[in-house]
Amino acid sequence: MFAASRLPLRCWAEIDLAALERNLRLIRASLPSHMRYVAVVKADAYGHGLPQAAARLMHAGADLFAVANIAEAAALREIGPGWPILLLSPILPEEDPYLAEYDLIATVSTSDEVQRFDAVGRASGRPVTVHLKIDTGMGRLGVWHEQAEKLYDEIVAAKHVKLGGVFTHFCSPDDDLPFTAEQRRRFLAALDRCRGIQLNQLFIHADNSAGLETLEKAGPFNAVRIGLLQFGILPHSHSLLAQVKTEPVFSFRTRVGIVKMLPKGTTISYGRTHTLAHDSKVAILTAGYGDGIPRSVSNRASVLIRGVRCPVLGRVTMDQTIVDVSDVPDAARGDESVIVGRQGSAEISISEFSVWADTIPWETLCSVTKRVPRLYKTSLGL
Ligand SMILES: Cc1ncc(COP(=O)(O)O)c(C=O)c1O
């Protein structure tokens with residue numbers, strides 16, 4: 001058996017950890033100095049690789065990590081003992097004991113959770129830290145904002161639960177500023193009704209990447225929860241956050257397997273959705289939807305080969321994708337082909353690619369499959 005890592009690369013992702021570190025530092029520098037940085041590293045750090053990304057974010061000065069579930073938290077514990085870890089998704093009752101075992105911070109939305117986590121704290125002899133989540137209009141996790149003070153009282157009354165923070169989540173911070181402002185108002189009003197709350201001793205957070213555009217510099221907010229932007233991706237095309245000047249961390253590359261000429265009129269790939277308008281030179285790439293090039297980019301995306309944009313012809317297949325290289329005179333077997341990223345001065349951004357795929361950068365990142373090795377650039381590059 002050959003170790004996969006010794007084999008030549010057919011399709012791979014390059015992760016620039018130095019850029020990740022620079023991005024965190026740039027985001028921090030753009031924020032008021034009292035803001036703490038919650039690094040969101042769920043879903044394998046948005047496909048970048050949890051251990052590598054988190055280790056670098058620890059080095060860069062993240063204050064707290066947020067993951068979706070216990071398995072991700074356990075993986076994070078392996079690399080950063082003692083680092084505070086917040087679980088953003090609901091915890092199943094069978095998972096409760098792991099809160100104590102891995103010393104995790106739970107999100108609380110219901111009375112039932114307060115009781116369960118209190119029982120965990122009692123059994124382990126150490127209180128379970130929780131962040132109270134307030135639903136201000138997302139309609140997902142959190143206690144509805146009008147009932148938040150009741151749940152707050154229950155948390156305070158529970159002997160083996162310790163309140164470590166209060167937070168909410170915006171549903172449309174990128175395109176509905178009035179509703180985002182309304183969510184902030186609801187959150188602040190709910191906090192006001194929590195009697196005796198010591199805001200400055202808690203993490204008070206609402207802002208994800210897009211939220212930063214309307215971050216309230218005054219007021220009780222003292223932490224931000226950043227995912228996408230730390231990976232150098234803007235939450236939307238007209239984002240004010242462009243001025244922070246983060247840079248992409250991730251690129252997605254494959255190779256040319258063969259180059260061949262095909263006559264005018266040939267139909268390309270399954271379903272014959274593309275017909276060559278003239279004699280064409282095509283390249284067959286060594287990656288397909290089995291690697292994370294979604295079928296939805298069939299006949300829509302382009303890739304970079306020798307710095308030239310080459311359109312995808314016909315349907316993307318599981319392991320191969322066909323592109324037109326008629327405009328690349330020297331295109332040859334073995335050439336690197338960039339699906340997302342830079343090649344010379346040319347670039348295909350993940351946002352552009354996601355438009356072709358009818359999706360969002362978050363999903364594009366999460367869709368790069370396990371078959372794709374992640375290669376890490378580790379230079380300090382500060
Ligand atoms: C609760 C919560 N907070 C923060 C984030 C980070 O969001 P973003 O990647 O837009 O910064 C997410 C991402 O999905 C989330 O679910």
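What we have is a predicted model, where local features need pLDDT of at least 70 and side-chain atom pairs count only at pLDDT 80 or more, while totals for chains, interfaces and linings use all residues. Residues are numbered from 1 along each chain as its sequence is written, and side-chain values use heavy atoms, with hydrogens and water left out.

Let's start with the ligand. Which residues are closest to the ligand? Among the 13 that surround it, the closest are Lys-42, Tyr-46, Ser-209, Arg-225 and Leu-228; here, surrounding means having a heavy atom within 4 Å. By type, this shell holds five nonpolar, four polar and four charged residues. Helix H2 (42–46) and strand E10 (223–226) each give at least two residues to the shell; helices of at least four residues and strands of at least two are DSSP runs, numbered from the N terminus.

Now for some polar contacts, meaning pairs of N or O atoms within 3.5 Å. A polar side-chain atom of Tyr-46 is 2.6 Å from a ligand oxygen. The side chain of Arg-225 has an N or O atom 2.8 Å from a ligand nitrogen. Leu-228 uses a backbone N or O atom, 2.9 Å from an oxygen of the ligand. On its own the ligand has 400 Å² of accessible area, and the protein covers 91% of that, by the Shrake-Rupley method with a 1.4 Å probe.

And where does the ligand sit? It sits in the largest pocket, with "sits" meaning that more than half of its atoms lie within 2 Å of the pocket's grid points.

Note on methods:
A polar contact is a pair of N or O atoms within 3.5 Å; within protein, one must be able to donate a hydrogen and the other to accept it, and residues adjacent in sequence count only if both atoms are side-chain atoms. On a 1 Å grid over the protein atoms alone, a cavity is a set of points where a 1.4 Å probe fits but cannot get out, and a pocket is an open set with protein on both sides within 12 Å along at least five of seven lines; lining residues have an atom within 4 Å of a point. Ala, Val, Leu, Ile, Met, Phe, Trp, Tyr, Cys and Pro count as nonpolar, Asp, Glu, Lys and Arg as charged, and the others, Gly among them, as polar.
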